[in-house]
Amino acid sequence: MTIDFAAYEDWPKIKALLRETGLPHEDIKTPQLKHFLVIRDGERISGVVGIELYGPVAFLRSLAVSPNYHRFGFASNLLAKIEEYAKSKGAETLYLLTMTAGGFFEKKGYQRVDRKAVPEAIQGTSEFRGL
């Protein structure tokens, strides 16, 4: 298994994984995939994570691992890699929305913040407005 950047032709598999895990995907456009990482198991995409960059802040989104691959640390590995990537692109702070994985992110050092305290660039995203 390898972690690498998503390719445009990965979109159908990524969309299927996001649908399988109940995460929003309707607003993701293929050009955004250049900021997405995937875990490949042969031809299968077993995990994905992405960011949207807004200068010194980034919006973490779509962290998903196929249920068949839970408990192998894939989510932690993807998160660490996307954090490195975001930092390399100048992002100093990552924000995210979650309805189900709050405990996971808190264990990784993320803190809850009031939605009104989130930078306007992130508040303006369709995912933020939709949840």
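Okay, some housekeeping. Residues are numbered from 1 along each chain as its sequence is written, and side-chain values use heavy atoms, leaving out hydrogens and water. Since we're looking at a predicted model, local features need pLDDT of at least 70 and side-chain atom pairs count only at pLDDT 80 or more, while totals for chains, interfaces and linings use all residues.

So, confidence. pLDDT is the predictor's confidence in each residue, from 0 to 100. The protein averages 92, and 100% of the residues score at least 70. Helix H2, residues 74–88, does best with a mean of 97, and helix H5, residues 126–130, is lowest at 81. When I say helix or strand, I mean DSSP runs numbered from the N terminus: H or I with at least four residues for helices, E with at least two for strands.

Now the salt bridges. I'm counting a side-chain nitrogen of Lys or Arg within 4 Å of a carboxyl oxygen of Asp or Glu, and that rule gives seven.

Have a look at arginine 61. One of its partners is aspartate 27, at 2.9 Å from N to O. That pair reaches across the chain: arginine 61 is in strand E4 (residues 57–65), while aspartate 27 sits 34 residues away in the loop between helix H1 (11–20) and strand E2 (36–41).

Arginine 61 also bridges to glutamate 52, at 2.8 Å, and to glutamate 127, at 3.1 Å. Glutamate 127 is over in helix H5, 66 residues from arginine 61. Put together, Asp27, Glu52, Arg61 and Glu127 form one network through shared partners.

Last stop, H1. Its buried residues include Trp11, Ile14, Leu17 and Leu18. They share one side of H1, because they span an arc of only 125° around the axis, taken from the directions from the helix axis to the C-beta atoms. What do they pack against? E2, strand E3 (44–54) and E4, with contact meaning heavy atoms within 4.5 Å. On the face turned away from that buried side you'll find Pro12 and Arg19, both exposed. And just after H1, glycine 22 has a positive phi of about 75°.

Notes: Buried means under 20% relative accessible area, exposed over 50%, partly exposed in between (1.4 Å probe, protein chains only).
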